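Hello,

Here is the structure I promised to pass on. Please have a look at it first, and then read my notes below.

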Amino acid sequence: MAGSGSFGISSAPGHYNIGGLELLCDSVKVHNVKVELQNGAEKLTMKDLLGWVRTNLIKERPEMFMKGDTVRPGVLVLVNDCDWELSGQLDTTLEEKDVVVFISTLHGG
Amino acid sequence: MESNASQILHELESLRAAKADIDRRISALEAQLQQVTLQNDAIPNGSYPPISTVGSSHLNGHDHHLTPAMIHRYSRHLLLPSFGVQAQSNLLKSSVLVVGAGGLGSPALLYLAACGVGRLGIVDHDVVELNNMHRQIIHTETFIGRPKVKSAANACRSVNSTVEIVEHHEALRTSNALEIFNKYDVIVDATDNAPSRYMISDCCVLLGKPLVSGAALGLEGQLTVYNYNGGPCYRCLFPTPPPATACQRCADSGVLGVVPGIIGCLQALEAIKIASAIGEPLSGRMLLFNALEARIRIVKIRGRSLQCEACKENATFTQQQFREFDYEKFTQSPLAPSPLKLKLLQADSRISSKEYHERVANGEAHVLVDVRPAHHFKIVSLPKSLNIPLPSLEARFPEITSALKEEEEQKSVGSGSSAQLYVICRRGNDSQRAVQCLHKMGFTSARDIVGGLESWTHDVDANFPTY
């Protein structure tokens with residue numbers, strides 16, 4: 001899970017684009033996903049999406065992606081190129097065609 | 001043949017040393033010459049002192065202190081309307097410290113020396129190695145085996161002898177960081193590990209210094225400016241260190257040489273912008289570079305965190321606490337990463353590379369399993385070794401069983417004895433993990449080769465490549 005992750009564009013309803021999980025998802029860098037809303041929920045939150053990703057996308061080493069109910073330390077979450085801290089972290093609500101990217105901080109040089 | 005090769009190697013080494021010495025003397029003399037020429041430029045008739053010390057009246061009302069040599073050297077900067085005399089003058093009065101003279105630091109240092117910062121400091125404790133050369137472009141082959149600080153300083157001086165280059169030939173520690181950082185206006189983090197990054201950021205917060213932080217690994221790079229003008233610090237973004245397993249190193253994962261080069265150039269750019277007070281430094285934003293896709297994204301990151309242990313208002317983190325803070329414990333990784341040396345097995349489950357070599361020479365019936373990743377195996381391997389990468393070991397037990405059987409048939413091992421099973425890897429850690437796994441699955445006589453292929457090069461065949 002490193003890097004900026006590329007992303008596709010979709011116009012189909014209920015779809016979100018996720019990038020940056022290639023090391024944990026059989027090298028697939030871009031996932032165009034359709035997530036069903038839970039009963040009664042009006043909007044999908046980042047908390048819902050993380051749970052969905054963990055169940056449906058992560059193929060190996062889930063501890064490299066999550067710790068508790070959020071991402072592990074050292075991972076930046078970007079919603080439409082913006083740090084999710086600025087949009088409410090786990091409570092960030094997602095809109096149609098939003099782009100979510102997970103960035104693992106690099107230390108090398 | 002072998003003694004012949006070592007003779008040649010020895011002669012090469014002494015010639016290189018002699019060449020390095022001559023290079024050093026040449027560059028010292030060149031610097032001396034330049035100094036003399038500069039003084040002659042400034043005092044054409046020996047009648048007035050250098051321009052830098054005279055008032056503006058001598059400069060037809062110009063309020064800068066650039067000497068004729070400076071005007072000539074930096075003319076292309078001065079011609080830039082958005083840079084010009086003011087920014088160049090700011091730069092000449094500024095001081096920048098680059099921590100790390102490696103892949104990021106190499107181009108950063110060269111550009112910072114070339115552009116004319118007043119004082120340029122270099123911190124590094126390491127020596128130049130052959131496997132640095134593909135990306136650490138500031139170093140030349142003549143400096144292999146010698147301190148990176150010396151090599152980098154030498155290169156910077158030969159690019160611009162008018163810059164004051166300061167060599168800090170020591171590892172950055174909490175015991176010396178405050179004193180070193182204090183002498184500079186801008187800090188450039190060009191290190192390669194997590195504890196250094198936290199330590200450098202904390203030190204910058206304590207001293208109120210802007211920090212230009214870059215990182216690169218594989219085919220990707222990241223860049224941002226911390227602790228600048230109310231912006232976030234490293235801890236605001238990463239309050240909790242990542243698990244050590246998530247911190248990959250170039251020495252293990254590889255890096256395309258030009259990638260840290262690009263990030264290092266951008267670090268020089270950000271440092272120049274801050275030092276000369278032009279443009280908008282990359283604060284509150286992060287640049288993400290993906291070399292394979294040729295994609296650069298600049299994303300908005302959070303501002304200063306109200307909960308940040310280091311930089312929140314009324315933070316209680318003091319210089320004294322900094323000096324006592326254990327960054328290695330905090331990040332659970334070492335400041336000067338040295339290869340891990342595991343000891344998982346009993347002595348009787350291990351064999352030295354020398355002993356393995358003797359057994360092969362004696363024609364012992366055996367199978368050697370190499371558990372490195374396939375792309376490592378392609379670089380170099382021992383003859384007749386069987387590559388089964390560690391993650392697929394269990395699934396491929398049948399291959400080991402049949403390889404053993406085949407070897408027994410070929411060498412016509414009598415009944416009652418059987419072919420030996422040895423395991424090797426790069427440094428001797430994964431081979432131990434593999435042997436543990438093999439023992440559990442019934443290959444109870446499996447043994448690993450202590451120190452892996454590195455020990456083979458070291459103890460058996462000096463011509464066997466290391467990487």
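How many residues does the contact take from chain A and from chain B? Chain A gives 26 residues and chain B gives 36, where contact means heavy atoms within 4.5 Å. This is a predicted model, in which local features need pLDDT of at least 70, side-chain atom pairs count only at pLDDT 80 or more, and totals for chains, interfaces and linings use all residues. Residues are numbered from 1 along each chain as its sequence is written, chains are lettered from A and ligands numbered from 1 in the order in which they are written, and side-chain values use heavy atoms, with hydrogens and water left out.

About 2,700 Å² is buried between chain A and chain B, 58% of it from carbon and sulfur atoms; buried area is the accessible area (1.4 Å probe) that two parts lose on being put together, summed over both. A:Leu106, A:His107 and A:Gly109 supply 28% of what chain A buries against chain B, more than any other three residues.

Chain B has 18 helices and 13 strands, which are DSSP runs (helices H or I, at least four residues; strands E, at least two) numbered from the N terminus. The C-alpha trace of chain B spans about 105 × 60 × 45 Å along its principal axes.

One helix pair to look at is in chain B: B:Ser353, B:Lys354, B:Tyr356 and B:His357 in H14(B) meet B:Ser455, B:Trp456 and B:Asp459 in H18(B).

Best wishes
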